[in-house]
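Me: I would like to learn how to read a structure like this one. Please take me through it feature by feature.

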Amino acid sequence: MNYLFEVNHFYSWLATHPLSPHAQALWNLLMSIDNKAGWPVEFSVPTASLAASLSVSRTQLTRC
C-alpha cells in the first residue's frame, strides 16, 4: 500500500463526500495504526483504545 497515495486520495474524496471531523480523525488513526503494523491485510484494535486515542466516547466512535 502506498500511504501517501491513500492520504491524497482520501482528501480528494472528501471534496464530494463530507465526513465529520471525528470520522476523519478515525480514518487517519486507523491508517497510522495499519502503517505502523506493516500493512497487514487485516488488523484489529480495541474499541476502547480507539476511543481513548480520539478522546471520544464509544458512542461517538460508533457514529464515526
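Reply: Start with a term. Helices (H or I, at least four residues) and strands (E, at least two) are DSSP runs, numbered from the N terminus. Take F10 and W13: both lie in helix α1, three residues apart, about one turn of the helix. Two ground rules before we go on. Residues are numbered from 1 along each chain as its sequence is written, and side-chain values use heavy atoms, with hydrogens and water left out. This is a predicted model, where local features need pLDDT of at least 70, side-chain atom pairs count only at pLDDT 80 or more, and totals for chains, interfaces and linings use all residues.

Me: How many helices and how many strands does the protein chain have?

Reply: Four helices and zero strands. Along the sequence, the pattern reads α-α-α-α. The C-alpha atoms fill a box of roughly 30 × 30 × 15 Å, taken along the principal axes.

Me: How do I read burial, and what share of the 64 residues counts as buried?

Reply: Buried means under 20% relative accessible area, exposed over 50%, and partly exposed in between (1.4 Å probe, protein chains only). Here 20% of the 64 residues count as buried. The chain exposes about 4,600 Å², and carbon and sulfur atoms supply 57% of that area. Those areas come from the Shrake-Rupley method with a 1.4 Å probe; for residues, only the protein chains shown count as cover.

Me: Which residues make up the largest nonpolar core?

Reply: The general idea: in soluble globular proteins, nonpolar side chains tend to be buried together. A nonpolar core is a set of buried Ala, Val, Leu, Ile, Met, Phe, Trp, Tyr and Cys residues joined through side-chain atoms within 4.5 Å. The largest one here has seven residues: L26, L29, L50, A51, L54, V56 and L61. Helices α2 (21–36) and α3 (47–54) each give two or more of them. The largest share, three residues, comes from α3.

Me: What is V56 in contact with, beyond its neighbours within four places in sequence?

Reply: Contact means heavy atoms within 4.5 Å. V56 is in contact with H22, A51 and L61, once those neighbours are left aside. For the chain overall, take contacts between residues at least 6 apart in sequence: 40% of them join residues at least 24 apart.

Me: How do I read an aromatic pair?

Reply: A pair of aromatic rings is described by the distance of the centres and the angle of the planes. Rings of Phe, Tyr and Trp (its six-membered ring) pair if their centres lie within 6.5 Å; planes under 30 degrees apart count as stacked, over 60 as edge-to-face and the rest as tilted. By this rule the count is four pairs. One of them, Y3 with W39, is tilted, at 5.9 Å centre to centre and 50° between the planes. This pair links distant parts of the chain: Y3 sits in helix α1 (residues 3–14), W39 in the loop between α2 and α3, 36 residues apart. Y3 is partly exposed, with a relative accessible area of 31%. F10 and W13 form a stacked pair, 6.3 Å centre to centre with 20° between the planes.

Me: Which phi values deserve a look?

Reply: Most residues other than glycine have a negative phi. W39 has a positive phi, near 65°. S55 also has a positive one, near 55°. S55 lies in the loop between α3 and α4 (58–63). S55 counts as exposed because its relative accessibility is 66%.
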